[in-house]
Amino acid sequence: MEKNVGGYDRIARAVLGPVLILVALAMFGGLLVIATATLQATIAVVALLVGAVLTVTAVTQKCPLNRALGINTYKGAMAAERGTDTPRPRA
């Protein structure tokens, strides 16, 4: 699979992913209470999973959902199409 996550997309994933993981851990540890026990556990599990997926896709720069939707925010893709690994200088 080719890289398809870059730029602001990658930054947002790299920030939001760990934040969601920390929120989930705080909910599991009882430091953050937002709902009844069952609902809170469900929210914490969802936050943990989404945070993990966002973190992994930020690190690997590969997202299956982006690929399925045809979204590519990785700027290196343009250089690969030109046959070079370095961006073209601006005039």
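The legends below describe an overview and close-up views of one predicted model.

Residues are numbered from 1 along each chain as its sequence is written, and side-chain values use heavy atoms, with hydrogens and water left out. As the model is predicted, local features need pLDDT of at least 70 and side-chain atom pairs count only at pLDDT 80 or more, while totals for chains, interfaces and linings use all residues.

**Figure 1. Overview of the chain, with four helices and zero strands.** The order of elements from the N terminus is α-α-α-α. Helices (H or I, at least four residues) and strands (E, at least two) are DSSP runs, numbered from the N terminus. Of the 91 residues, 22% count as buried; buried means under 20% relative accessible area, exposed over 50%, and partly exposed in between (1.4 Å probe, protein chains only). The chain exposes about 6,500 Å², and carbon and sulfur atoms supply 68% of this area. Accessible areas come from the Shrake-Rupley method with a 1.4 Å probe; for residues, only the protein chains shown count as cover. Among contacts with a separation of 6 or more, 72% are between residues 24 or more positions apart. Contact means heavy atoms within 4.5 Å.

**Figure 2. Helix α1 and its buried residues.** The end C-alpha atoms of α1 are 32 Å apart, in agreement with the 32 Å that its 22 residues should span at 1.5 Å a residue. The expected span is 1.5 Å times one less than the number of residues in the helix. R13, G17, A24, A26 and M27 are buried in α1. The cover over the buried residues of α1 includes α2 and α3. G30 follows the helix and has a positive phi, near 85°.

**Figure 3. The salt bridge between R13 and D9.** The two side chains meet at 2.8 Å, N to O. A salt bridge is a side-chain nitrogen of Lys or Arg within 4 Å of a carboxyl oxygen of Asp or Glu, and a search of the whole structure finds one. R13 and D9 both lie in helix α1, four residues apart, about one turn of the helix. An α-helix has 3.6 residues a turn, so residues three or four places apart point the same way.

Figure 4. R13 counts as buried because its relative accessible area is 10%. The R13 side chain also makes a polar contact with the side chain of N66, at 3.5 Å. A polar contact is a pair of N or O atoms within 3.5 Å; within protein, one must be able to donate a hydrogen and the other to accept it, and residues adjacent in sequence count only if both atoms are side-chain atoms. With neighbours within four places in sequence left aside, R13 is in contact with V5, P18, L54, T55, T57, A58, C63 and N66.

**Figure 5. T57 in helix α2.** T57 has 5% relative accessibility and therefore counts as buried. A polar atom of the T57 side chain lies 3.1 Å from the backbone oxygen of L54. Residues up to four places away in sequence not counted, T57 touches V5, R13, K62 and C63.

**Figure 6. Q61 in the loop between α2 and α3.** Q61 is not a glycine, although its phi is positive, about 60°. The residue counts as buried, at 10% relative accessibility.

**Figure 7. N72 in the loop between α3 (64–69) and α4 (76–82).** At 42% relative accessibility, N72 is partly exposed. The N72 side chain reaches the backbone nitrogen of Y74 at 2.9 Å. The C-alpha atoms of N72 and G6 are separated by 8.0 Å, although these residues are 66 residues apart along the chain.

**Figure 8. A nonpolar surface patch of about 920 Å².** The patch is made by Y8, I11, V15, L16, V19, V23, L32, I34, L39 and I43. The elements that give two or more residues to the patch are α1 (7–28) and α2 (37–60). Helix α1 gives the most, with six residues. Patches are made of residues with over 30% relative accessible area and no salt bridge; like charges are joined within 9 Å, and nonpolar side chains (Val, Leu, Ile, Met, Phe, Trp, Tyr) within 5 Å. Y8 is found in α1 and is exposed, with a relative accessible area of 74%.
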